[in-house]
Structures are given as structure tokens and as C-alpha cells.
Amino acid sequence: MTEYTVHHLVSELVHSLGFTDKINEGALCEEYSEILNKSRTPYVTSKSLPVSYIKKLSEASPYPEEFLRKYEELKTKQIREVDPLLTLLYKIQCDEKLKNLLVKDEPNKINGYPLSNEKLNLSGKDSQPPSKDVQKQEKDEKSKKRNVPQGIYALPLWVNQRKSLSWDFKQEPRSDFIHCGPIGVLPPNVQESRLIDDILFCLVGIDGDYVYSKKLDEHEKLFLVDDTTNVALKLLVQNMMPMFSHYSTIMSFVERNIHYEQGLVNHALSAAMRTFLKDYFVLVSQLENQHLQHNLTLQKLWFYLQPSLTTMETIANIASILTKGDCFGGTVLSVLHENTASLTGSNKSREICHTLTRAATLPYFEILEKWIYKGIISDYYSEFLVEDNELIKKEDLPTEYSDAYWERRYTIRRDQIPIFLSKAADMILRTGKYLNVIRQCGKPVNCPDAKAIVYTMRESQYVEYIEPAYHFASKKLLDVLMDDADLKRRLLSVKHYFLLDQGDFIVQFMDMAEEELQKDIDDIMPTRLESLLELALRTSVVNEDKYKDDVRVELLPYDLLTQMFKILQIPADMQNEYRNTESMMLTGLEAFVFDYEVKWPLSLVINGKALAYYQILFRHLFYCKHIERLLGRVWYLNKKTKSLPRSELCFYAGAFALRQRMLNFIQNLDYYLTLEVIEPHWNDFFRKISQVTNVDEVLFCHNDFLEKCVGDCMLTNPRLFQVLATLMTLCADFSIFLQGIMRCTMDVETSTMGDSLLFSLQEQPLSDLSSCPAALENFQEQIANFEKKFDQSIICMLHILHSVHQSKQTSKIINMLYRLDFSRFYEEISLKKMESYNDM
């Protein structure tokens, strides 16, 4: 998420809360965007929420029981974002000032729409948990969305329809099982024998005649014993009933997870549970053998079952949590790890949970090892923490999709990050991405520090496994970019053309292509511009650049202002505030940019986003050069007026003074953009990339350089950019107007230098101003009008720059302020206007 995206989201939140009329929206959004960019963390880490937070929030809620029920439900589903959200709500609840601000005026409305209890589902009577059928349907749909490997199909329907295939209790009417009367009519010794028979059946998931199960819901069963049973025997049987429930829970989990779509982690966990069940079945077989030999009593049976009760209870608790939360992939590992860490009092339970976790992590760690050691993802069930989005194909990599490859091809699945790998998640993602790029470049990938990853409770151990692979991958890819792809020379080449580092070629190009660029965009021949550009490159200093053939000409279908709106993500309904109301057609001067052909893997750094930034800076500098050339021609024509009589020369004094102020403005602006913004940032950027250790640092430094340049070039502030565009348009209009007057007055034969898109001279120019008082008055009136607009715009710009300097405290802005108004000329004009306004 870029800085501008965060700024846009903050702005949307401010609009949604309806605070735009009460605060300075722009300043607030900018401040909070900076705070968020500095404080945000890439992934949600699991931190237990204090009980006091939940207690206070539930007390403040109008429906405390509903609030607590919803919280427990979300925690059961292992939703990690619940605790951070409640922490935010708790802070709002404790801040009375903020709470009053949120509920002021219209407490139950946002943007004028009421929030009813029905929508919030907080009504105590009407709000009910979803029905069992709805919950089951949601789980089925969730399972269908999971990826199943190609060529593997779901189990046939008869697997679920034939209930006798299950090792769990099957629910059928009790009348089918009762073949005898109440057990209470039998003697105690016979009752004990019959009860042992039923218990042995229940231990393997079969209802007995006198001990049987009753289904309460999808996950729970209640076990009952005949009411007429002897009291002493009944108490013994009830002691053994938890074992039936544990067995049913475990077997239900195992059979549910034999389906292919449940993933390798659940498959491995189920297999590990089956290993424990195998020992359990051996115990039941031994007990049955004792019973057949008439050596087993209920007391002995209870004694033999007690050691296994702890094992079955531990496994059943895990199975119950995973089933209720419908856990999958990395979430399963997180639950197992948290259970293992919490079982500090019982060594046996802790060892059992550790064994299950180690078994469940085996397939996950196999995927992880392939990713961090080879850069390959073999995640058929979408349960790994890295997601392969498959946005592009290999044959598309050398073109414009390379930036999408790096940013969106491989991403983090937050819900699939095991809690013990949360600290290393970002390192895991980058390691595999680096190796994947190296493989795409045809380079061998043989990590010298490859080790088998084994589950351990010590989370720092995983960093020790991953760090060597990360350092190898980052150094290898950095060497490929710096040495094989010659990244630094490429960046210098981009600077020559887009940032006009060696500007002699652009002067020659503008001389040759001026006539073509003044045409309408639909009338321009791109091939002609390509030829003129090639000629300018071959006859200038940049001819020594071996990458000059990668420069291309492009005519964009939108102007610079529209391009900045897209970058800043300003809504369409707000864009008209910063636009001129006059509709203007697009000319070559406004649409012309350079493009640059970049091949893989350089396109990771010089990607589409970076080129867009470079094009924005180029269009800004190119148009400044164009305005400076126009004003320079006016100065050249002014030199011709020396031959005029002194009486006529004084008519042009005001125009010459305004021309000089405009020229001073545009030259100072050009100096500021090139020598005070771009060049210092470039030197700082090149110094940083000489010290980087991985490609992500190169990308960060490059993006930071471009964002700083665009921001300091006054392009990210819509108001400031609009005033700047107005000033440059005024300079162009004034230059074209004065050139037309001078050419007609002095009959100077020069080529057409007008820009029809910037200004259109509707009246026929006069041949002699001194001979026509009306023409002279009209001329001086237009010059005064230009001067008034120019003064108003530049004073407005100085005010905006001053406010920006106060908020950001940057030396560059204050230097620009001093350069534009070094003699305080505009400050005095502004003070005079304020005094005259106060007098009125």
C-alpha cells in the first residue's frame, strides 16, 4: 500500500465521518497518513486481549450477552483481527472527547443513513445465531472454494450416505436396538456383564442396549445409561462416559478430514491421531479378551481406562477446537502451537500435543523448504502462508507486467501464517521471491545452507533456519541486478532522458520538433517524432550512452493534471475544483512524454509505476523548458525595439517589466526543480543503493526517491499544482500575445511560434500602436490584465508555499520562497491590497 493510497483512505474516512466542515481536512489527512505509515505493521500478530478490556466493552454495550457471545464465536474461528479491533474500540470508549465527537449531532447516523438494530444484529430478542443448516451450508461453500489438485476428485456421495461405513456412532431410532426389557430386573452380576458389553461397544463407536448416545448438535453427543441400573454400577459407568465422548469427537474429526479439500496439514494431523487411536484399539481388544475370559469387572475396566483418559481428552479437545473453528492449513498449526504452549502443568498432555503438532507441520515445512531453498511453491490446497496469484506468464515477464509480478504475483495470506512463523513471514516471502526471480533469469539456485526444518517451541529457531537462505537469495539476486543487468548505468541512462540530466539533446529536439508538437494530438505523426528524437540523440552528448536506443516517444491521451489525479486518487467529482473551466484540446506539448524499454529482471526496479513517476517529472520539466523558450523569444524580440523612437519605446516598458518578472519566476522554478530537488535526492538515492543488501531495499530507495521528487516538485498538492499550472499558462499566453504584437508592429519575419491551445489571438494585430490611441489603450489594458492575474497567482502560490513550509518545515520550500520574493516585492503588493480592503 503506497503513501498516496493511505492518504486516500484517510480522506475517505474523514468524509464518511462527516468532519470535513469542522476541520482542515487536507492538513489532518496528511498528518494522520504520516503517523499510519510510520506505525503500521505488515501482519497481525496474536496478542491476548486483557480481560478488563472485554469487561468494560461488554458493560458499555446495550446487549452485553450478545457482545460476549459474538466475541467468543469469532475467537473460536481463530479471527486474529478481533483483538486489535477491540483494542481500538476500548481506546475510543476511554477517550470521552473522541466519543463525544463521534456521537455528536446525529448519534446513530453515518452520512445521513440510520444504523438500525436489524442491520447491526444487536437486538437481544430478534438477533439469533444462524441455524444449523445455514452454518453447514456456509462450511460446505467454504470447502468448495478451496483449491483441489487437478486430477483429484471429491469423495463419492455414498461415503456420507452409508452411515455404517463410519467408525463413529450412527444415529438411528432406539426402537431398532431394544431387544430386551429394563436392565433393573436382572441380578447385579448379570447387570455388570451386560454393562461391560455395552461399554466395550461404546468404546469403539457402537451404541449398546443399555448404554447409548443421544445427539445434541453437530459436534456434541450426550451418553445415557438405563435408569433402572443399579446405583453403584451406574456411577461407575458414568465415570467412563467421557471416554465415549472423546472417542466420538476424535473419530468425527478424523473421518471429516479424509476429504481431499481439507488440505495436507489436516491429513497429516488426522494420520497422527489415527496412530494414537491404534494404541487405543489395542487396549479395547485386550479388555474384550479379558471380558471373554470372565476376568473383567467394572472396577477393573475403569482402572485400565484411566491412563488412556488423559490422552483421549487432550486429543479430543484439540479436535473440538479445530472443528468448531473450521480451521485449515496454517490456522491449524497456530491452534496446535498455542495448545502446546498452554499445557505447562501436564507433561504427558504437552508431549501428546507436541507430537501431533510435529506431525501436522511436516507437509507444511516441506512446502516451506521448497519455497525458501528453491523458490518453488507446491501448495495445491492453498494452505501455505505465501499465495501464488498466477497473474502473469513467463513469456510476459520482460514487458510491462514485471512490476505486477513482483508486487502481486506472490503475496501473504494473513490467515494462513502459523503463529510461530509470524515474525519471519516477511522474510519467508522475500526469500522465495528472490529465488524465483533468479530462476526466471536462468541462473542456478543451490542454497549452501539448506537444512531440514523441524518443529520446535522456540520461535527464534525458525529465524535461524530462514536467515541463511534469505541472505543467500538476497545477495545472489542483488549481484544479478547490479552486475549482470547493470542497474546503476541503467538508472543513469533514465536520468539523462527523463530528468534532463544532459539537456543539450532536449534543446535540439525542441528546435526540430516544435512545429510538430504544436499540432493537435490526432494530427501528430509519432514516427516523425521518433526520427527527430533519434537525430537529436545521435548529435548530442548522450550519443555515448549505450542504452539510448531504448528511449521511445509516447503521446499520452491525458494531460499532467489528470495523471496526478490518478496518482493521488482524487475522486472525479472533486477534480473540477482544480481544473480550468475552459475546455481545451490536447496538443503534442501537453501529451508528449518519453517511454523506456526495460527488460527482465531490470523491470523489477524500473517498473511501470516508476516510469509513471519519471514521466510526471519529465512532463513538468519539459513544459517549464517550453515556457522558458517562449519568454526567451520575447526577450529576443524586445531587443529589436532599440531601433524604435523613444516615444514609442515607452509604450512597451510595462510589458518588458512583466516579461522579466515572468522569466525570473520560470528560471527560479527550473533551478529549484533541478538543482534543489532532483539533484540532491538523486545523490542521496545513489549513495543508499551502494549500501543496500537486498532488492527490497533497492525498490524502497528508488520509490522513496521518486515520491520525494514528485512531492518536493509541488505536484502532490492539488491547490499548489493548480496555481503553478495557472502561472505557466499566463506566461505562455503573455509570450504569444506579445510576440504577435511585436511581429506585426515591427514587421519581423519569423516562423509561427504560437500555441493555439494556450492562447488564441482573435483580433487582427495593429501595424502601429502610436498612430492609434484605441489600440494603445487596448494594448496597455491587456498588459495590465496579465500583470494583475500574474501577481494574484504568484501571491497565492507564496501563501500556499508558506503554509506547506509551516506544516513540513523543509528548507527546500523556504529557499523557493526567498527566490521568488527575494526583494519582498509581492509581499508589499499583498499588504497594500489588505490595507485597501480594510479601508473599505
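Visitor: How many helices and strands are in the chain?

Guide: This is a predicted model, in which local features need pLDDT of at least 70 and side-chain atom pairs count only at pLDDT 80 or more, while totals for chains, interfaces and linings use all residues. Residues are numbered from 1 along each chain as its sequence is written, and side-chain values use heavy atoms, with hydrogens and water left out. Helices (H or I, at least four residues) and strands (E, at least two) are DSSP runs, numbered from the N terminus. Counted this way, the chain has 32 helices and eight strands.

Visitor: What is the mean pLDDT of the chain?

Guide: pLDDT is the predictor's confidence in each residue, on a scale from 0 to 100. In this chain, 74% of the residues reach 70 or more. The mean pLDDT of the chain is 77.

Visitor: How many contacts does the stretch of residues 105-127 have beyond near neighbours in sequence?

Guide: A contact means heavy atoms within 4.5 Å. Over residues 105-127 the pLDDT is below 50, and where pLDDT is low, the predicted coordinates should not be read in detail. With that caution in mind, the number of contacts the model gives this stretch beyond near neighbours in sequence is 23.

Visitor: What share of the residues of the chain count as buried?

Guide: Buried means under 20% relative accessible area, exposed means over 50%, and partly exposed lies in between (1.4 Å probe, protein chains only). The chain has 840 residues. Of these, the buried share is 46%.

Visitor: Which residue is joined to Arg430 by a polar contact of 3.2 Å between side chains?

Guide: Arg430 lies in helix 17 (residues 425-440), and its relative accessible area is 19%, so it counts as buried. Setting aside residues up to four places away in sequence, Arg430 touches Tyr470, Asn694 and Asp696. A polar contact is a pair of N or O atoms within 3.5 Å; within protein, one must be able to donate a hydrogen and the other to accept it, and residues adjacent in sequence count only if both atoms are side-chain atoms. The side chain that makes the 3.2 Å polar contact with Arg430 is that of Tyr470.

Visitor: How many aromatic pairs are counted?

Guide: Rings of Phe, Tyr and Trp (its six-membered ring) pair if their centres lie within 6.5 Å; planes under 30 degrees apart count as stacked, over 60 as edge-to-face and the rest as tilted. By this rule, the number of aromatic pairs is 33.

Visitor: Phe618 and Phe622 form an aromatic pair; what is the angle between the planes?

Guide: The two residues are four apart in helix 25 (residues 608-640), so about one helical turn separates Phe618 from Phe622. Phe618 is buried at 0% relative accessibility, and Phe622 is buried at 1%. Their ring centres are 5.4 Å apart and the pair is stacked, with an angle between the planes of 25 degrees.

Visitor: Trp682 and Phe705 form an aromatic pair too; is it stacked or edge-to-face?

Guide: The centres of these two rings are 5.4 Å apart, with 75 degrees between the planes. The pair links distant parts of the chain, 23 residues apart, with Trp682 in helix 27 (residues 653-689) and Phe705 in helix 28 (residues 695-712). Both Trp682 and Phe705 are buried. The arrangement of the Trp682 and Phe705 pair is edge-to-face.

Visitor: How far away from Cys709 is the nearest cysteine sulfur?

Guide: A disulfide is a pair of cysteine sulfur atoms within 2.5 Å, and a search of the whole structure finds zero of them. Cys709 is in no disulfide, and the nearest cysteine sulfur belongs to Cys713, at a distance of 6.0 Å.

Visitor: What is the positive phi of Asp326?

Guide: Most residues other than glycine have a negative phi. Asp326 is in the loop between helix 13 (298-324) and helix 14 (330-342), and it is buried, with a relative accessible area of 6%. Although Asp326 is not a glycine, its phi is positive, at about 50 degrees.
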